[in-house]
Amino acid sequence: MKFTARARLKSDLVLESITTGIIAVDARLCVGYINPAAETLFGVSEGHALGEPLHIAIPHFSQHMERLRHSIATTAGFIERELEMRRGQDRPITVDLIVTPALFGKQPGLVMEATALDRHLRISRDEWLQAQFDAGRQLVRGLAHEIKNPLGGIRGAAQLLEHEFPDSVHREYTQVITREADRLQNLVDRMLGPNRMPVRDTLNVHAMLEHVRHLVEAEAGDWLTVERDYDPSIPDIEGDREQLVQSALNIARNAMQALEGQTDATLTLRTRVRRQHTIAGTLHRMVVQIDIEDNGPGIPQTLLEKIFYPMVTTRATGSGLGLPISQYLVHGHNGVIECHSRTGCTTFSIYLPLPSS
């Protein structure tokens, strides 16, 4: 069957408008076609990719070249589900990859279809983490209330004993009981988190972060370098300044503690706008992304899914309450905190909906 020029034009328009990434390579695995969706997915341009070997044009395929050569040689395609593809030290992307042998004229080649899964996986993961966080918080609140009642009784009994036996020997014991009861009361109150709803007002994100920066630099001194990478076009948001400062400061202080003793300790504050971003199952037209990034040793992978739970910490002297409280405060603003970590780069990202969305 012969295709007219008009039919070919229509087929090209279809390939350029679909959201699935399409890449065609020849027998030498050089790129012969790439559609806009693939350009966006892999962060390359058509002008850079066309005619180049696949592993150079799109480094994400570097580790898969042998399998692609085998597919060319045997004219057998394959499908990979939830395949992680990485370019250098960049954050990996997850795709469903379908590879199909094809003929271009009389020459063999491959057509590859890459469907991005990161957003769908992140939405599912966020919903699961939100459910786990809510369940954990309800458990903590229940336990905290059960603990507070007997603590009040213990403290009251100690005060009565102190009045009954005012001599110094007994007072020493009753004061120990009172101090420990107060310490546990303070811990329980911190576990419960803030007891008020956010007081929303118009808030400049960068003014808030500058306040956090001044506090961090005052605490750290000269051993820590704080870098700023702000997007000045970000509009004001609506939020509780005190609560959002506390949330960002908790994360920054954790980063400072992770960087202690490191000669090139660097903390980076970054802001960006993300479009069509989903938070807790709700699609927002625009959100602001606030990154607090450090170049420390990283968080062990076994802890990454647990760091927002109360009492989870990597430090012997840590309380494990800073991150759960930060997450709770951001949730109160219909936002979320996510974390990505590897050796030399840990990034906590705070996502907050912009009023226009």
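Select Val287 first: its bridge partner in S12 is Pro353. The model on display is a predicted one. Now extend the selection to strand S10, residues 282-294, and strand S12, residues 345-353; the two run antiparallel and are joined by 8 bridges.

Next, display the whole sheet to which these strands belong. It is an open sheet of 5 strands with mixed pairing, and the order across it is S7-S9-S10-S12-S11. Colour the two edges, strand S7 (225-229) and strand S11 (336-342): each has a single partner strand, so one side of each lacks a neighbour in the sheet. From one strand to the next, the twist averages 25°.

Is Gln289 buried or exposed? Its relative accessible area is 6%, so Gln289 counts as buried, the limit being under 20%. The side chain of Gln289 makes a polar contact of 2.9 Å with the side chain of Asp291. Apart from neighbours within four places in sequence, Gln289 is in contact with Arg270, Thr271, Arg272 and Arg274, as well as with Ser349, Ile350 and Tyr351.

The largest nonpolar core has 41 residues, and Val216, Leu224, Ile307 and Phe348 touch the most other members. Two or more residues come from each of helix H8 (205-220), helix H9 (241-259), strand S9 (266-279), S10, helix H10 (301-304), H11, S11 and S12. H9 gives the most to this core, with 9 residues.

Centre the view on Leu224. Which residues is Leu224 in contact with, leaving aside its neighbours within four places in sequence? They are Val216, Met256, Leu259, Ala265, Thr266 and Leu267. A second, separate core holds 27 residues, and Leu29, Leu83, Val99 and Ala114 are among them.

Finally, show the entire protein, which has 11 helices and 12 strands. Of its 357 residues, 40% are buried. Among contacts between residues at least 6 apart in sequence, 61% join residues at least 24 apart.

Terms used. Residues are numbered from 1 along each chain as its sequence is written. This is a predicted model: local features need pLDDT of at least 70, side-chain atom pairs count only at pLDDT 80 or more; totals for chains, interfaces and linings use all residues. Side-chain values use heavy atoms; hydrogens and water are left out. Two strands pair if DSSP finds at least two bridges between them. Helices (H or I, at least four residues) and strands (E, at least two) are DSSP runs, numbered from the N terminus. Axes are lines fitted to C-alpha atoms, for helices over the stretch in contact, and angles run from 0 to 180 degrees between N-to-C directions. Buried means under 20% relative accessible area, exposed over 50%, partly exposed in between (1.4 Å probe, protein chains only). Contact means heavy atoms within 4.5 Å. A nonpolar core is a set of buried Ala, Val, Leu, Ile, Met, Phe, Trp, Tyr and Cys residues joined through side-chain atoms within 4.5 Å. A polar contact is a pair of N or O atoms within 3.5 Å; within protein, one must be able to donate a hydrogen and the other to accept it, and residues adjacent in sequence count only if both atoms are side-chain atoms.
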